[in-house]
Amino acid sequence: MKYRHLIFANLFRKKIRTTLTLGSFLVALFLFGLLAAVRGAFNQGVEVAGVNRLDVINKVSIIQPLPISYKEKLERIPGITLVTHENWFGGVYQDERNFFPQFAIQDETFRQMYPEFILSDDQWKAFAEDREGAIVGENTAERFHWKVGDRIPIKGTIFPGTWEFNICGIYKGSRPQDDTTQFWFHYKYLEERESAYWKGLIGWYIVRIDSPDNGARIAGAIDETFANSPWETKTETEQALAAGFAKQAGNIEFLLVSVGSVVFFTLLLVTGNTMAIAVRERMRELAVLKAVGFSDSFVLALVLGESLLLAAIGGGFGLLLCKLATPVLSKASGGLLPYLYLAPLTVASGLLVALMVGTAAGILPAWSAMRLRVVDALRRV
Amino acid sequence: MVRVDGRGNGLVHVRGLDKKYQRGSEEIHVLQGLNLDVDASDFVAFMGPSGSGKTTLLNLLGGIDLPSAGSITVGGDEITHMSASKLTAWRARHVGFIFQMYNLIPVLTAFQNVELPLLLTKLSKAERRRHVETALGIVGLADRMDHYPRQLSGGQEQRVGIARAIVADPTFLLCDEPTGDLDRKSADEVMDLLSRLVREHHKTVLLVTHDPVAAERAQTVLHLDKGVLVEGRTVEVR
């Protein structure tokens, strides 16, 4: 790359201007990365949802329970290979700001249903043997400095009183985007303590099906089975249910596109202006290059190369900064956005967008440099 | 041997060269039916009042402007009908430009400025380095190769410009007022250098100048007046 020094030397001839333009790219791509990460955090449930799992909820609302007796009926429906259930607990640890999701689970089927959550057999065994046992995700454990053996008091909001749990295990996710903020305890513990109100009831069912292709048919069969009963069901894929939750937070997609568009359009104007000035200032030099034998296409590539390099450096640093900042911001969100995560695809998309802006900003100045007549440019003083 | 009567057959061979500009409704006839023959290793100076067409002639000979009529042949290549891309490649191989304002690239060192024409060749990095060191050695600036133009005097900048012009060993050098921006001492040094390039390195030099002292160094001085070449005097190059 014998022309590298030519591109770099030209790019950094006006250091302040270049630094400010790089800063514009940095801020824009940081924002792009952050918005994409926020969108990802809101849609995290959708992204990690199992394609072969269906959620069966009460037709009225997810906060309405279903009878535990449905489990056996569900297991008999063709295509269903596993059934488990969960309960939302909604407890508070120390302070209401310390949010994390707690579920009462049916331990063995739950473990089979979610193989993506990793926990040692010993810890599962300890959990199974302890009526007040609990398993917590590593994210939440780290957040509150919990370790195995700790006894944790949680104040119930739906189920009154203070509930004490023994931490028997800390699970990890098998993928970076897996949710490790959850807190699981025995359904039996909940049922025993809340027998007057909650006896024979669960929150919702999760069923595993033999093939994602059969999802619609099986969902229909489930809802038909329980139609016209006091507890009618609504069955949808885990992905659809998670998407429904994400939508409740607002149209993040629209926010991302609208804010991103404004930022990148402004960036395009800033960079385009910078490149136009940079080319206008060096008309004579470009003319000299042409006079000594550099072709029109070389001059076009030189100017475009500068613009692209500016975009790549500024954008790259912006995304790098975003990558470093997301874990910090995630912690600072107090559990609201536990998975503020800059995915590799977002990084690639960000760089692509930056290069597209670099191309769009550089193409007109590069074109005018290419069309430059040597004689005219040399005549200018 | 330089001829303007259209009967020679030199390295540079110009016949019936016309150049017109349109300025609004007015047509300006800069060069009119100009004939010129310049042999290899000639040192020719073109003089004349402002607007007489000296720089236009130089631009046409260097292939950075196109004539309205006539032909220019250099070393057997007729450049007036070449495509833009062929002309660019031809310039890289055959022409060394020396400008009044030096036109060095300020963000490149003397070495990098001189190396520019060689980037268009297939020479290796080591070969390019050797050529650049030789060229800077000829102009007496071997010890300034890492200096930026702003760190050099005007005379030194022009010598870097000359090194850039000769580094690819072109067929001829076109010098447009190379001493126009220099004090007398620096101008003399530059003219000494150009004379030496003709005498010792057998370069062909075509020089446009207003400076009679500079023109005196040329073997042949031609005067341009209202777009017509008038033969001047021919002397032995000093």
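Predicted model: local features only at pLDDT ≥ 70, side-chain atom pairs only at ≥ 80, totals over all residues.
What covers the buried residues of α13(A)? Residues are numbered from 1 along each chain as its sequence is written, and chains are lettered from A and ligands numbered from 1 in the order in which they are written.

The cover of the buried residues of α13(A) includes α14, α15 (344-371) and α16 (374-379) of chain A, together with α2 and β7 (95-98) of chain B. Helices (H or I, at least four residues) and strands (E, at least two) are DSSP runs numbered from the N terminus; contact denotes C-beta atoms, placed from the backbone, within 7 Å. Helix α13 (residues 283-291) of chain A has seven of its nine residues buried, so it is largely enclosed by the rest of the structure. A residue is buried if 20 or more other C-beta atoms, likewise placed from the backbone, lie within 10 Å of its own, exposed if 12 or fewer, and partly exposed in between. Among the buried residues of α13(A) are Arg284(A), Leu286(A) and Lys290(A).

Helix α12 (residues 252-281) of chain A packs against helix α14 (residues 296-332) of chain A at about 140°, with the axes 11 Å apart. Axes are lines fitted to C-alpha atoms, for helices over the stretch in contact, and angles run from 0 to 180 degrees between N-to-C directions. The two helices are therefore oblique, the class left after under 35 degrees (roughly parallel), over 145 (roughly antiparallel) and 65 to 115 (roughly perpendicular). In this pair, Thr271(A), Met275(A) and Val279(A) of α12(A) meet Val303(A), Ser307(A) and Leu310(A) of α14(A). The contact comprises four nonpolar, two polar and no charged residues. Here Ala, Val, Leu, Ile, Met, Phe, Trp, Tyr, Cys and Pro count as nonpolar, Asp, Glu, Lys and Arg as charged, and the others, Gly among them, as polar.

The axes of α12(A) and α15(A) come within 9 Å and cross at roughly 35°. Their contact has 13 nonpolar, five polar and no charged residues. Residues of α12(A) in this contact include Thr271(A), Met275(A) and Val279(A).

Between the chains, the contact takes 18 residues from chain B and 16 residues from chain A. Helix α2 (residues 84-94) of chain B supplies the largest share of the chain B side, five residues.

Note on methods. Contact = placed C-beta atoms within 7 Å.
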